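Here is a short briefing on cavities, pockets and salt bridges. Keep the 3D view open as you read.

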Amino acid sequence: MKEQLRACILKGIEGCFADGTLTSGAVPAINVEKPAHAEHGDFATNVAMQMAKAERKAPKAIAEIIVNKLAGSSDLIESLEIAGPGFINFFVKDSAWRKVLTSIDTAGDEFGKSTVGAGKKVQVEFVSANPTGPLHIGHGRGAATGDAVASLLTAAGFQVQREYYINDAGNQMNTLGLSGLLRYKELLGEKVDFPENCYQGDYIKDIARDAIAKHGDRFLHAPQEEGVAFFAKMGGDLILKGIDDDLKDFGIRFDNWFSEQSLFDDGKVPSAIKEMQEKGHIYEEEGALWFRTTAFGDDKDRVVVRSNGVTTYFASDIAYHRDKFARGFDWVIDVWGADHHGYVPRLKSVVQGLGRKAEDLGIILVQLVALLRDGAPVAMSTRSGEFVTLKEVVDEVGRDAARFFFLMRRSDSQLDFDLELAKRQSADNPVYYVQYAHARIKSIFDTARERGVQPDFEKVNLDLLESADDLALIKKLSLYPETLESAALNFEPHRITYFLQDLAGEFHSFYNKSRVITEEPALTNARLFLLHCTAVVLKNALTVLGISAPERM
């Protein structure tokens with residue numbers, strides 16, 4: 001609807017240039033927005049105010065010229081009014097709103113999707129948790145966010161690849177190996193002093209038990225280096241498989257799993273460092289190599305290779321992002337925990353050092369999750385290893401509720417996740433409220449069939465949808481395409497959860513006020529068509545978030 005109105009305004013302005021009532025010939029970007037209050041119309045534009053300088057006229061005078069040109073010129077516009085210093089408010093004809101339903105029915109599962117991405121290749125890298133322990137609920141929020149952003153971008157016409165970066169190089173893997181070896185020895189009866197910096201969770205004991213079952217006491221008296229290497233590899237593989245299983249249970253699959261170790265094995269880290277040195281972005285000082293990130297706005301330069309010759313994590317990240325762009329991605333998006341916010345400027349520096357624009361790298365920061373039970377905090381200690389895992393949450397509340405709750409707020413704001421609320425079958429539970437709207441519509445169709453009512457949407461008379469409640473529901477449905485597009489381009493899946501709650505509320509309000517199965521067959525047919533379209537939009541919006549649209553609840 002906004003695009004149609006924007007085209008109508010443009011045509012009107014061009015007509016004003018043609019007849020000389022406007023003279024600058026300069027057309028600004030035409031903004032069309034929904035007013036905060038319904039009495040101000042369906043849409044409004046500030047184009048007259050934008051044109052004032054070029055036209056050398058008061059905005060109100062320009063608005064009057066445009067309104068006079070547009071009046072009676074379109075099947076879209078019922079009436080226009082000038083408000084404030086020069087806003088133009090538009091009231092759209094009811095008949096134009098009703099055509100939205102035809103668009104929904106025709107497009108079906110494709111309704112809401114767009115081609116704004118124009119096939120641009122995008123990679124979304126998310127979760128990427130160290131393979132040193134199971135996923136916790138913070139990882140779950142990042143997983144839901146990354147997956148939803150990838151789905152939104154796909155729906156907006158981008159070619160999207162989902163990638164998991166396996167942090168399988170570095171000291172944390174040695175710590176995992178030592179943790180497994182010590183628990184192994186402990187289970188075989190050896191007295192062990194277990195260091196605090198080793199991984200404490202019971203899952204380490206499970207790895208040790210598995211090693212005993214398969215290899216007996218083979219590593220009990222073997223050189224420690226051999227045992228650590230074995231348990232690092234075995235433990236990492238087992239944990240990574242568990243992570244993959246948990247993510248699949250959560251409805252998430254990756255197109256590619258990328259090993260950090262492969263960057264070293266394939267010589268990509270030294271190659272990337274060499275390229276950056278040749279470009280003048282990496283320099284040597286006091287025996288260490290530094291990336292000149294201050295040249296791109298960072299607060300200080302960053303170490304790439306320490307004076308002892310050991311590379312930093314930053315070196316791996318340089319090589320990894322160089323590899324991403326070498327694979328042909330136009331846009332690379334990383335989903336990180338909010339504690340990595342200070343890392344953003346240095347990665348933006350790398351991207352610019354590679355000859356790309358800073359905006360070719362998108363960063364989504366995901367804040368912490370506060371777990372509650374009926375409003376009371378749930379203890380989540382990681383020091384003891386007894387943290388709450390993603391699997392535990394999904395097992396308790398279900399995949400759909402977990403995903404919806406993780407996506408209910410902006411990813412960079414803290415989230416309260418109440419386990420009891422997520423399980424509650426009432427209107428207080430937002431995911432239940434939305435899913436129940438879809439199931440309720442399906443039950444209305446079941447009732448219609450039981451009463452012998454056979455919908456015939458080929459002969460539907462949309463003009464019968466004339467009540468304020470009919471039109472309010474139609475107007476809400478019309479917002480889905482622009483909501484989806486803005487959610488995709490801004491990496492904000494919570495816009496879809498907000499939309500779903502608003503749409504479910506509009507539907508429940510409509511149902512409580514308006515009879516669907518009436519004594520008038522034509523009106524019944526029209527209202528069933530309206531509900532059919534509502535179900536389509538509810539399902540499409542839930543699906544893009546990876547959440548089911550049940551037909552019965």
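What volume does the largest cavity have? The answer is about 40 Å³. The model is predicted. A search of the whole structure finds 1 cavity of 30 Å³ or more. The structure also holds 39 salt bridges.

**The cavity**

- D246, D249, F250, K391, V394 and D395 line the largest cavity.
- The biggest share comes from α13, with 3 residues.
- By class, the lining of the largest cavity has 4 charged residues, 2 nonpolar ones and no polar ones.

**The second largest pocket**

- This pocket has a volume of about 700 Å³.
- It is lined by 26 residues, and the closest to its centre are M1, K2, E3, S478 and P481.
- At least two lining residues come from each of α1 (2-19), β1 (32-33), α4 (94-107) and α18 (480-489).
- The lining of the second largest pocket divides into 10 nonpolar, 9 charged and 7 polar residues.

- E3 counts as exposed because its relative accessibility is 57%, and exposed means over 50%.
- R6 is at 21% relative accessibility, so R6 counts as partly exposed.

**A salt bridge between distant parts of the chain**

- The side chains of R424 and D374 meet in a salt bridge at 2.9 Å, N to O.
- This pair links distant parts of the chain, with its residues 50 apart.
- R424 lies in the loop between α15 (419-423) and α16 (430-450), while D374 lies in the loop between β13 (369-373) and β14 (376-377).
- R424 has a relative accessible area of 34%, so it is partly exposed.
- D374 counts as exposed because its relative accessibility is 54%.

**Other salt bridges**

- E519 pairs with R515 in a salt bridge, with the closest N and O atoms 3.9 Å apart. The cut-off for a salt bridge is within 4 Å, so this pair counts.
- E519 is exposed, because its relative accessibility is 69%.
- Which residues are linked in a network of salt bridges? They are E163, K268, D323 and R327.

Conventions. Residues numbered from 1 in each chain as written. Predicted model: local features only at pLDDT ≥ 70, side-chain atom pairs only at ≥ 80, totals over all residues. Heavy atoms only, no water. 1 Å grid on protein atoms, 1.4 Å probe; cavity = no way out; pocket = protein on both sides within 12 Å on 5 of 7 lines; lining within 4 Å. Points joined across faces, edges and corners; volume = space filled by probe spheres on them. Helix = DSSP H or I, 4+ residues; strand = E, 2+ residues; numbered from the N terminus. Nonpolar A, V, L, I, M, F, W, Y, C, P; charged D, E, K, R; others polar. Buried < 20%, exposed > 50% of the residue type's maximum accessible area, 1.4 Å probe, protein only.
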